[in-house]
Amino acid sequence: MRLTVIRRTALAASAAALALLVTACGSSDGGGGDGSGGKASGDGKDAGGAAASAAPALTAAELEKAALAQADVKNGKVTKVSAADDVAKDKVKGDKTECEPLAFAETGVPLGEPAAAVKRSWTEGPKKPSGDAGTEEAIGAAFDLDKALVTLATYDDGGAEAVLKDVKEAAGTCAGGFTFTAMGEPAKIAKVAQGEATGGADEAVAMTMTMVGEDGDEFPVKVSVARKGSTVATFTVLNLAAAGTGKDFPFPTEISDAQLAKLG
């Protein structure tokens, strides 16, 4: 596995769609906080019931306090997403309206009309290669890390439930793939496969979106959308090594566990 291949695929293949994952980790640090995890569970379509939440939307201050912070993770670095690195909703457009919820989720854009929203970025800590690893293995170990964009959005009047409904419907309708533009740059998803839903939520849907690079090479991006009360947490995860090799990678449940635990 060559360093240039990883860079070309991960950074140039779909620049607008993945830039936030790759660059936002250099933004200012997030605040502190406490968090603990649960277990990932579900059937890939729904985790828990979909009954409407009686809880009102969180305030902007409450949502900020509930966002993932450095003290919540045992591994890696949590940072805030700067305004310069943020992707606005009007900068993302799907080729099919019914697939736009997936395009928004993949790029970390809050779905629907939230009362407030915040974003955090998490970069996994580096892995050490084995003592007898060669140069390529050492490079592979250096790039075998996850980068996650965590978007929290809170809603009034059943908005959170509507978001999950739209995402679930889009995951089925758009399983054969779709295209979209983000910040004016084209991006292509070859297929959408539902997987094990995030645990610790009232309802959730988890997907592996197979992205197509500029040279036709494909690589996975993990996207999980979970509702806890009136708040929706969206996790978009890229593994740099997987972007170079195209191989699948496990969703980092420690991040979703920690974030959902903070939502109560």
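How many nonpolar, polar and charged residues does the lining of the largest pocket have, by class? That lining has nine nonpolar, five polar and three charged residues, where Ala, Val, Leu, Ile, Met, Phe, Trp, Tyr, Cys and Pro count as nonpolar, Asp, Glu, Lys and Arg as charged, and the others, Gly among them, as polar. The model is predicted, so that local features need pLDDT of at least 70 and side-chain atom pairs count only at pLDDT 80 or more, while totals for chains, interfaces and linings use all residues. Residues are numbered from 1 along each chain as its sequence is written, and side-chain values use heavy atoms, with hydrogens and water left out.

On a 1 Å grid over the protein atoms alone, a cavity is a set of points where a 1.4 Å probe fits but cannot get out, and a pocket is an open set with protein on both sides within 12 Å along at least five of seven lines; lining residues have an atom within 4 Å of a point.

| Space | Volume | Strands each supplying at least two lining residues |
|---|---|---|
| Largest pocket | About 210 Å³ | β7 (203–212) and β8 (218–228) |
| Largest cavity | About 30 Å³ | β4 (146–154) and β9 (231–239) |

Of the 17 residues that line the largest pocket, Gly-195, Glu-196, Ala-206, Lys-222 and Phe-251 are the closest to its centre. The lining of the largest cavity, by contrast, has no charged residues, with six nonpolar and two polar; among them are Pro-110, Tyr-155 and Thr-234.

Definitions and conventions. Points joined across faces, edges and corners; volume = space filled by probe spheres on them. Helix = DSSP H or I, 4+ residues; strand = E, 2+ residues; numbered from the N terminus.
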